[in-house]
Amino acid sequence: VYALSLAVYCSSWTFYGAVGSATASAWSHAPIYLGPILLFVFGWPLIRRLLAVGERHRVTSIADYIGARYGKRQPLAVLVTMVATAAVLPYIALQFKALAQAWTMVGGTAQEVEAIGGDTALLVAIILAVFTILFGTRRLDGRERHQGMMTAVAVESVVKLLAFIAVAVLALSYLSGLPTARLAEHGSNALGEISLSADFFARTLISALAVLCLPRQFHAMVVEAREDTDTGMARWIFPLYLGLFMLLVLPVSIAGAQLLGNTVNPDVYVQVLPISLESSWVTVAAFIGGISAATGMVIVATVSLAIMITNEVVAPIVMRLNADSPEAVLKLGDSLRRIRQYTIVGILFASWLVTRQIMGIPWLAQIGFISFLAAAQLAPALLAGLYWRRAHGAAVIVGLLAGLAIWFYCLVLPAMLPA
């Protein structure tokens, strides 16, 4: 369960967007898989150390870990929460965009909702808010562990892998029936010559850092690790899972380009390919797999971010305001539970607002890397906290502020503003 819960890393980006990336440029989808694979296989001592520190300090989030490591600085924990929010909102918005695309392809659901004055992404946000509140706020646990949620995520990881295998097998059966001459003419660049450019290495590094620093990954990997959990299995199961996804992208990309060409965005090949080949059960499997990939990510990411906001921002304010009222402090648990529910609704509403801004960005991978780079700003603080005793909290604050400013100027503004 622990090893499979880490596969919450595979969201709509890996289920839909990786095929689009592979179709546009040879092996450009590989870095998002290679980074975590290399980290888990060769950097396992680092992860083991992180797990040990997390258990020793009983951390509840990445903000709690970094704040505690640098002298329990409250401003630093709040700043880390801000960076995490900047990383999570575009990523949740990506899931909304991907699900809206899939719904449109499957049966016109999006048009029907919009015809009565609604918005598909808003409908997705409302449904996921209900699920997230049910999963993440039933009870408050001192260690912020949610065993039921992690078991559900592990099941969802199996579902999305089986669904993707079904689409890939259908793609291979279609390609096997084509003459060799037609196979050579496919419009996909998936099997082209790999370009080991600086960009390729940078994306691999950023993906490796993101699997450590994304709030949902830190939560699944560190916070949810129990004393009796056999974490060592994850060293091999998780890379194997990612490797399967990376290879299965290729036949889907080639078959999609052969059959559909430029008539649709390659990001939706996974959903449109079974429809075009009139395989109804694979169409249903692909739709369920896409929903699983998106909902698992959104629920864990929203819960982990809500934990940070309530514990690092809201709770200290409430405690300060009620310092003279012991009764109010005793009732803090009930208040925090209600505040966390409101926070979850606020996060998903904010993500929906971001979705409205990013609908013009054609590629899911472009949105995904905006989030990855925001999360990667936390990596120097995380790694220095593990290995460098003299690292100072003031330097971490300066570094995070500088990194966040560069990220906003070089990535967010170019994506939002006209050319």
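## Exercises on helix packing, salt bridges and backbone angles

The buried residues of helix 12 are P215, R216, Q217, F218, H219, A220, M221, V222 and V223. Buried means under 20% relative accessible area, exposed over 50%, and partly exposed in between (1.4 Å probe, protein chains only). Helices are DSSP runs (H or I, at least four residues), numbered from the N terminus.

This is a predicted model: local features need pLDDT of at least 70, side-chain atom pairs count only at pLDDT 80 or more, and totals for chains, interfaces and linings use all residues. Residues are numbered from 1 along each chain as its sequence is written, and side-chain values use heavy atoms, with hydrogens and water left out.

**Exercise 1.** Determine how helix 12 and helix 15 pack, and which residues meet.

*Solution.* 
- Step 1: start with cover. Nine of the nine residues of helix 12 are buried.
- Step 2: take the geometry. Helix 12 (residues 215-223) packs on helix 15 (residues 280-321) at about 90°, and the axes lie 8 Å apart. Axes are lines fitted to C-alpha atoms, for helices over the stretch in contact; angles run from 0 to 180 degrees between N-to-C directions.
- Step 3: classify the angle. Helix 12 and helix 15 are therefore roughly perpendicular (65 to 115 degrees).
- Step 4: list the contacts (heavy atoms within 4.5 Å). From helix 12 come P215, R216 and H219; from helix 15 come M297, V300, A301, S304, I307 and M308.
- Step 5: sort by class. The contact of helix 12 with helix 15 has six nonpolar, two polar and one charged residues. Ala, Val, Leu, Ile, Met, Phe, Trp, Tyr, Cys and Pro count as nonpolar, Asp, Glu, Lys and Arg as charged, and the others, Gly among them, as polar.

**Exercise 2.** Find the salt bridges and state whether their residues are buried or partly exposed.

*Solution.* 
- Step 1: apply the criterion, a side-chain nitrogen of Lys or Arg within 4 Å of a carboxyl oxygen of Asp or Glu. The whole structure gives two salt bridges.
- Step 2: E156 pairs with K160 at 2.8 Å, N to O. These residues are four apart in helix 9 (residues 147-176), so about one helical turn separates E156 and K160. E156 is buried at 8%, and K160 is buried at 1%.
- Step 3: R203 pairs with D199, with 3.0 Å between the closest N and O atoms. Both lie in helix 11 (residues 198-213), four residues apart. R203 is partly exposed at 29%, as is D199 at 45%.
- Step 4: recall the helix geometry. An α-helix has 3.6 residues a turn, so residues three or four places apart point the same way.

**Exercise 3.** Locate R58 and E278 and give their phi values.

*Solution.* 
- Step 1: most residues other than glycine have a negative phi.
- Step 2: R58 has a positive phi, near 50°. R58 lies in the loop between helix 4 (44-57) and helix 5 (62-69).
- Step 3: E278 has a positive phi, near 55°. E278 lies in the loop between helix 14 (269-276) and helix 15, and is exposed at 72%.

Notes. Helices (H or I, at least four residues) and strands (E, at least two) are DSSP runs, numbered from the N terminus. Angles under 35 degrees count as roughly parallel, over 145 as roughly antiparallel, 65 to 115 as roughly perpendicular and the rest as oblique.
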